[in-house]
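Q: Please show me how to read this structure, one feature at a time.

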Amino acid sequence: HAHYDETYESERTRLESAVKVGDVFPPFALPNALGAIVDSEDLTKPLVIVFYRGSWCPYCNIHLNHLQKHLQEIQAAGGVLVAISPAPPDDSVTLNEKHNLKFVVLSDTKNELAKKLGITFSLPETALSNYVALGKDHKAFYGSEVPEYPTPSSFVIGNDGKIAWLHHEIHHSRRSEAADIVAALKALKAQ
């Protein structure tokens, strides 16, 4: 697992230049699971934006299910949940159907938004080869010779469009907790 240690270290260094609390979250217009474009300006704020790697990722699926279970609490605190992945829209439909998700799922297929946020990374070739051996050809799945992934990240965006809270986790199995998201939304309401 030396390649994972190498990836985590480069990710940690790279995230030092990622967006921070207080920064303006860049506006976006991305396709949803049906291919319709969703504009961030049309979404009610505060927003809870969660980046995940794709439906092939078991940790992403567990995290999205966790958020789904706590969706009413997130909504009661005023949040509108949006999940974003580099997976093509067709794959998002499968994800929506598979998990009966009740929140917006968008595709950032070229990681343009994730790149603006400074949260993308590439796996070493050895790791990609391991995925192929497990039946997950990421080059084919993402349609890219060097697939990039968003670091699992969660953001709470206030009415002013600024990042009020964020959680980046370089270790792929650790994700934000719904309770922390709800607390951030309540803190935002209290301001």
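A: Two strands pair if DSSP finds at least two bridges between them. Helices (H or I, at least four residues) and strands (E, at least two) are DSSP runs, numbered from the N terminus. Here, β3 and strand β4 (residues 80-85) run parallel and are joined by five bridges. The model is predicted, so to speak of local features takes pLDDT of at least 70 and side-chain atom pairs count only at 80 or more, while totals for chains, interfaces and linings use all residues. Residues are numbered from 1 along each chain as its sequence is written, and side-chain values use heavy atoms, leaving out hydrogens and water.

Q: In which sense do β3 and β8 pair?

A: They pair in the antiparallel sense, over five bridges. Val 48 stands opposite Val 156 in β8, while the bridge partner of Phe 51 in β4 is Ile 84.

Q: Which residues of α8 are buried?

A: Buried means under 20% relative accessible area, exposed over 50%, and partly exposed in between (1.4 Å probe, protein chains only). In α8 the buried residues are Ala 178, Ile 181, Val 182, Ala 184, Leu 185 and Leu 188. They lie on the same side of α8, because their arc around the axis is only 160 degrees, taken from the directions from the helix axis to the C-beta atoms. On the other side, Ala 179, Lys 186 and Ala 190 are exposed.

Q: What covers the buried residues of α8?

A: Contact means heavy atoms within 4.5 Å. The cover includes β3 (47-51), α2 (58-69), α3 (71-76), β8 (153-157) and β9 (163-168).
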